[in-house]
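Thanks for coming. Please have the sequence and the model open while I go through a few parts of the structure.

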Amino acid sequence: MPNEINRWAHFVEYNIGNVAVRPQYCHVQNPGNMTMPECKIIDFEQGWEFMEKGITKLKNILEGLPEPQFSPEDYMMLYTTIYNMCRQKPPHDYSQQLYDKYRESIEEYITSKVLPSLREKHGEFMVRELVKRWSNHKIMLRWLARFFHYLERYFIAERSLPGLNEVGLTCFRDLVYKEINGKVRDAVISLIDQEREGEQIDRALLKNVLDIFVEIGMGQMDYYDNDFEAAMLKDTGAYYSRKASNWILEDSCPDYMLKAEECLKREKDRVSHYLHSSSEPKLLEKVQNELLSVYTNQLLEKEHSGCHALLRDDKVEDLSRMYRLFCRIPRGLDPVSSIFKQHVTAEGTALVKQAEDAASNKKAEKRDVVGLQEQVFVRKVIDLHDKYLAYVNDCFLNHSLFHKALKEAFEVFCNKGVAGSSSAELLATFCDNILKKGGSEKLSDEAIEETLEKVVKLLAYISDKDLFAEFYRKKLARRLLFDKSANDDHERSILTKLKQQCGGQFTSKMEGMVTDLTLARENQANFEEYLSSNSAANPGIDLTVTVLTTGFWPSYKSFDLNLPAEMVKCVEVFKEFYQTKTKHRKLTWIYSLGTCNINGKFEPKTMELIVTTYQASALLLFNASDRLSYSEIMTQLNLTDDDVVRLLHSLSCAKYKILEKEPNTKTISPTDYFEFNTKFTDKMRRIKIPLPPVDEKKKVIEDVDKDRRYAIDASIVRIMKSRKVLGHQQLVMECVEQLGRMFKPDFKAIKKRIEDLITRDYLERDKDNPNTFRYLA
């Protein structure tokens, strides 16, 4: 039984004017396994004449001439004719001739119809005609591709010839595009400039015509880049150069930036509507160069509206815009960050001068007023940092360049002293004022935490962090020992913050001090338990002892004060108790930190006096004597001149005159005599008699200098131990780098320590090169 072979040709519907070809099927029978019967040979002239009629009909339809629709039968006859002419055996296989004729028919149409219609039009009309002709050309190629489908599928594929579509596009490129691309480019650029000037243009038209520049490259962007984009970019540069030269003279910096931002936005919009996406970075770069790069300095330094003025007047929105614009330009943010640094430095330096002036004006007044001025100064510096840190985070989007500028600016003025106090001391005093009871800063717990966080941030800018640590430790010791700390949680909180900022070594002693106080409270509870369970060990008076670890606390003067008999017994009782706990620790009594509550029996009334151990010891001497000389008091107490002068001044020359002095002057001298003032009275029944404060600043600085010498020694030895041999310059630089986290060592100090280490046989100079050192193991 014969096989029936179905061969199907499936065609997609295309519309050309009113012509439509819908999917049709061709059915050809081939009986059994027999060979296909020979068809009648089609002569080339005869076959091409038939094809030419179909192609002419297609051209007429494209030209809009009255033509009947292609019927399915018309289409199939054209397809079958090509099929048969290509399938005939040589010499009647006309594949090559058909391939050539395909090209000729396209060239003839272009030459006779397309080019004349384009040549007679100009400007936008020519552009519209080109878009129409290009669209028709692509439609014609799609139809011809279906007529010549068999030729494409076999003959062209087997010989690796350019495809039908490629041949058709090449014809248009060589005959049409090469002749008119220059005129089209100029017309398109003219339309773009019209749009830049605010005129309405047909964006769809530009999109279509620029697609021709892209499509004509057949996968390559060379034609778009060379024939259109290069000229468009050149014109853009010239256009914005003209605009910028006028705007820079007429507009303020904010107005200029608004215009620049709007221009960039519009150019980006242009790309999304009709330019090729590859043009965007090049176009924006060109606009940025003409509007911003060329006029950077002129724009930023405008007298009343430049970057300085924007910072001065807190123009946050304009500063944000400035960042957005200049961050696009290579190194465009450098001048902005430089001006930002100058401005912050100037504002900070002005605060320092203001504080200096205020302090010098108040010098004649009370000390605490000067101290208050310093507190105000630190608070103003914190506010300044908050303000410009917000600028860095919000206006400048956390950019590292501005963080660096802020850091360098604050380092300049944060390391300047005010009224003889270093910034390290000022910060430590500020913290003390916040953390102690009765400080001038009345803040909520949340505000205290927030303020402490900000103080620690400021500490990062201070070079003498070790000096801050020593001042802070002194003040922390007074808060802890005299129960002046407002809140233990805040004390621990700031230590945690300092530890995160400066490392564990920075806060280890301070943490030890806080821990000591907790242990001391437990120790006192055990002491009281010991007294209650041991009736023989009775000190006779209430006694509280705080036991501290020597290494954690600041060094205090320890004198062998001759205690009154009542106090001697207390010391002995506590020693006995402490030996029951440990026999390996030695107690050193720091009487200068002690306080006593004693009753003074005056004629008007008995009063309770809160005094230091020194003051109490001096007053109790008058239980045995009515009148004592300066030298007798000094001998009986076994104290230095300075301490005796301080305590006698507090008891006879200050607010509360517990002792009467002869002669009655305001100063203490070695020839003075003292008597108990029996007539003393006060409206309060309980009064505190303070000792004049000792200026500890000098001692703190001396202690820090001493520690620095040790630190430099240790650093030099560490470096030399690992390097063995090193030049002077390199050793100094490495030493500075190692110690820079805590303080900035002076080069002269390092040189002096090197010489000292040489004399102590840690290092030696190289015999041949005296600027080179060797480590002596």
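Two strands pair if DSSP finds at least two bridges between them. Helices (H or I, at least four residues) and strands (E, at least two) are DSSP runs, numbered from the N terminus. By that rule, strand β4 (residues 606-612) and strand β8 (residues 686-688) pair in the parallel sense, over three bridges. One of the partners there is K688 in β8, which bridges to I610.

Before going on, the basis: this is a predicted model, in which local features need pLDDT of at least 70, side-chain atom pairs count only at pLDDT 80 or more, and totals for chains, interfaces and linings use all residues. Residues are numbered from 1 along each chain as its sequence is written, and side-chain values use heavy atoms, with hydrogens and water left out.

Back to β4. Strand β3 (residues 595-601) runs antiparallel to β4, with seven bridges joining them. T595 has T612 in β4 as its bridge partner, and a hairpin of four residues connects β3 to β4. Buried means under 20% relative accessible area, exposed over 50%, and partly exposed in between, with a 1.4 Å probe and protein chains only. Five of the seven residues of β4 are buried, so the strand is largely enclosed by the rest of the structure.

Next, the nonpolar cores. A nonpolar core is a set of buried Ala, Val, Leu, Ile, Met, Phe, Trp, Tyr and Cys residues joined through side-chain atoms within 4.5 Å. The largest has 90 residues, and L291, F326, F340, F410 and Y472 have the most contacts inside it. Helix α15 (residues 367-395) gives the most to this core, ten residues. A second, separate core of 73 residues includes L78, Y102, L210 and V214.

L78 is also among the buried residues of α2, a helix of 16 residues covering 72-87.

R479 sits in helix α19 (residues 465-481) and is buried, at a relative accessible area of 2%. Contact means heavy atoms within 4.5 Å. Leaving out residues up to four places away in sequence, R479 touches D432, L435, K436, Y472, K484, S485 and E491.

Last, which residues of α17 meet α18? L427, F430, C431, I434 and L435 do, and on the α18 side they meet I448, T451, L452, V455, L458 and L459. L458 is also one of the residues that F410 touches.

Technical notes:
The expected span of a helix is 1.5 Å times one less than its number of residues.
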